[in-house]
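Trainee: Could you take me through how the strands of this model are arranged?
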Amino acid sequence: MKISFSLNGKGIELDVDPMSLALDVIRGLSLTGTKEGCGVGVCGACTIMVNGSPVSSCICLVGTLSEKDVWTIEGLAEKMPELIDSFVENEGMQCGICTPGQIVAAAAIDSVGANTPEEIKKYMAGNLCRCTGYQTILSAVEDHVAIN
Amino acid sequence: MQSTDTEFMIPSTVAEALQGIGREDSIFLGGGTATALLYKNRLIEPSRVIWLGNIAELKGISITQSEVRIGAMTSVAEIAGHSRLAGLLPGLCAAASVIGNARVRAMATLGGALAHADPRQDIPPSLIAVNATISIKSASSSREVSLSEFYEGFLETVLEPDELITEVIIPISDNRSSAYIRYTPTSEGDYPTVGVGSSLTVASDMKTVVSAQIVLCGVGAVPMIATEAANSLVGTTGDDQALRRAASLVSEAIDPQDDERGTADYKTEMSKVFAYRSLKLSSGN
Ligand SMILES: Cc1cc2nc3c(=O)[nH]c(=O)nc-3n(C[C@H](O)[C@H](O)[C@H](O)COP(=O)(O)OP(=O)(O)OC[C@H]3O[C@@H](n4cnc5c(N)ncnc54)[C@H](O)[C@@H]3O)c2cc1C
Ligand code: FES
Ligand code: FES
């Protein structure tokens, strides 16, 4: 089936099985910044941004992206370099496997209007990290929210 | 991409969606969070999927003097973040805001959250506690069902395969307050050991309780409605002693099983503790 949507700011039409997972489709397009961790919606490594909201691409059937505005880490890194800078300056990463998901989640934070450290923490709670202990990630997101 | 035989329909009206479901093995798809996991593990293999995401008439929240109507395709995140709704239905908004994580809340829809019928889900008890009704349509008929009569068993509801939930209707009253609170033993986004939705409606003196509801998730095959416990509050002023007595009675209404979220005994004790906390929130004290 032909599915069209906007990917990283450019319209695209794909001939895909609409029941395949957005994660597999996106990685199949060589956009491998989107990672698979748990595969069941829990860890956030596979986070993409759909119409401004964070979405787990591992439990997202690609048919439901039809006519939507989809962003991956690759597109957001170009579009929001200052967000990447916040993560770098705060050392909000160690091994890096969770980092694309953390950054995409941060990019989509306006969808819930989280402003206070407590709200930011609640919003980011679904993006797991085994390395940093979270504080540096939260500082990066707080900086990002403060700038914007 | 490997291709399967599943047909994917994207109707733009309810009428079209209802026409499409006529075939055997067809399913409706909301946000897809529950369905994707089932499909990924090949626990379901529908021949046709009817995605409801393009149907404007199924989206949105409307509020009048006497009721709130929420379309089935309204996202859980929209409910969680709706400030006017938070004032009218604090229990529902609290339940919506603790589901899973920000991504699940953004994707999941109210219709999916109700029809999935996992007995640990947070929204059903919060809505049953405020006497919600759901509107159901098929190509040939339509009906309204009280949410308290919607659940039949684990993942089972009274919905026929060709029936669509179109909206949820919740009566509003100045004299009613509601709350939802849950306990998760593991990570914050996990399903709860127990969750308790409650409501208290008081007489015009704004003190005497005229009706109450206590509904629990996680402690039975369906949301468990603790009618006797709730009724014990009628005629009281919702004072601390009355709330504690009612909370202790919920053990009569539940049927918890041992699992990784606790033993049946533990869940029973936690049900009493959280029923009390939920009632305390509802009472505003
Ligand atoms: C990681 C994760 C964590 C979670 N944590 C929680 C939690 O803490 N608390 C909680 O309560 N839930 C939790 N859930 C479950 C979540 O609430 C459900 O997956 C979600 O609400 C389903 O909504 P959906 O729109 O995605 O449903 P879908 O997957 O689209 O549909 C689910 C079912 O409902 C049917 N359906 C959908 N819409 C309609 C309609 N309008 N009419 C008739 N039938 C319909 C579908 O046919 C399907 O059978 C979690 C899920 C995940 C993946
Ligand atoms: S891989 Fe998608 S949430 Fe973990
Ligand atoms: S940086 Fe290693 S998991 Fe987060």
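**Strand pairing in the sheet**

Mentor: Strand E3 (residues 47-50) of chain A pairs with E4(A) in the antiparallel sense over four bridges. This is a predicted model, in which local features need pLDDT of at least 70, side-chain atom pairs count only at pLDDT 80 or more, and totals for chains, interfaces and linings use all residues. Residues are numbered from 1 along each chain as its sequence is written, chains are lettered from A and ligands numbered from 1 in the order in which they are written, and side-chain values use heavy atoms, with hydrogens and water left out.

Trainee: Which residue of E4(A) stands opposite Thr47(A)?

Mentor: Strands here are DSSP runs (E, at least two residues), numbered from the N terminus, and two of them pair if DSSP finds at least two bridges between them. In E4(A), the residue opposite Thr47(A) is Ser56(A).

Trainee: What is the order of the strands in the open sheet?

Mentor: The pairing in this open sheet of five strands is mixed. Strand E2 (10-15) and strand E4 (53-56) of chain A each pair on one side only, as edge strands. The order in chain A is E2-E1-E5-E3-E4.

Trainee: How many bridges join strand E1 of chain A to E2(A)?

Mentor: Lys2(A) stands opposite Asp15(A) in E2(A), and in the hairpin of the two strands, which has two residues between them, Asn8(A) takes a positive phi near 50°. Strand E1 (residues 2-7) of chain A and E2(A) run antiparallel, and the number of bridges joining them is six.

Trainee: In which sense do E1(A) and strand E5 of chain A pair?

Mentor: Ser6(A) stands opposite Asp69(A) in E5(A). Two bridges link E1(A) with strand E5 (residues 69-71) of chain A, and the sense is parallel.
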